[in-house]
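Please keep the sequence and the structure in view while reading.

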Amino acid sequence: MNVKGHVMFAEKKITPGGHWMSIAGIASKAAGRDWKGTAETFALTGIALNEAFISCWDEKYRSNLIRPETYINQYIDEEWVPILQTPPFPEHTSGHSVASSAAGYTLGQLFGDEFHLVDSSEVAYGLPIREYDSFSQAYKEAAISRFYGGIHYMPAIDYGVTQGLSVGEFIWNNISTKPERLAQSN
C-alpha cells in the first residue's frame, strides 16, 4: 500500500488466477500444443479457477474465521505484522491453496503431472523465474507460501488444497472438450 498525503493506492502483482492462466500458456507452448490444444487448456483451467474461487469464498463466509494478524494483535503482540498484506476477508480456506490446486490438478490431467515447468509469469513484477518438476510441486508451493507469509493458519492451507483438488477432479470428470469424453445420452 502506498500513501502520499491523502492519496492511497495499492501496487498489485499478478492475481492467483492470472498466474495460473499464465502457467497454462507456458505449459501449452512448452508442450507444442496447437491453437485448439491451447484453447482447451485455457478453457478447462479457467473453469477450474472460476469454480475454485466460488467454492473457496462460499467456505470463507460460512466459517468466517479471523486472520492470524487479528488474533496475534489482539492476544499476543499488538505490533506484529505479517510478511504479506492481510486481505480484508475471512481466513478459511486459503484462496491460493484452493485455486492453485484446482488449476494444478487440471493442468496435470492435460499434460501429466510430471511436467518440467519454467515459470516466468512474475518476472515483470520483480520476482525470479521459478522451475518446477510437476504441477503438484507448483501448487503446493503456492499454497504453503500463504502460511509462511503469515496470512493463513495451516488448516486453511491443508483443507484448501483438498478442496481445490476436489474442485479440479469434479471439473475434469464433468466437463469435456473432446467427443470421446462427452457424456453418453440414454
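## Aromatic rings

Rings of Phe, Tyr and Trp (its six-membered ring) form a pair if their centres lie within 6.5 Å; planes under 30 degrees apart count as stacked, over 60 as edge-to-face and the rest as tilted. Ring pairs join Phe53, Trp57 and Phe89 into a cluster. Over the face of Trp57 lies Lys60, 5.1 Å from the ring centre; such a charge requires NZ of Lys or CZ of Arg within 6 Å of the ring centre and within 35 degrees of the ring normal.

## Basis of the model

The model is predicted: local features need pLDDT of at least 70 and side-chain atom pairs pLDDT 80 or more, while totals for chains, interfaces and linings use all residues. Residues are numbered from 1 along each chain as its sequence is written, and side-chain values use heavy atoms, leaving out hydrogens and water.

The structure holds seven aromatic pairs. One of them, between Phe111 and Phe135, is tilted, with 6.2 Å from centre to centre and 40 degrees between the planes. This pair links distant parts of the chain, since Phe111 in helix α4 and Phe135 in helix α5 are 24 residues apart. Helices here are DSSP runs (H or I, at least four residues), as are strands (E, at least two), numbered from the N terminus.

Phe135 is buried, with a relative accessible area of 0%. Phe111 also counts as buried, because its relative accessibility is 14%; buried means under 20% relative accessible area, exposed over 50% and partly exposed in between, with a 1.4 Å probe and protein chains only.
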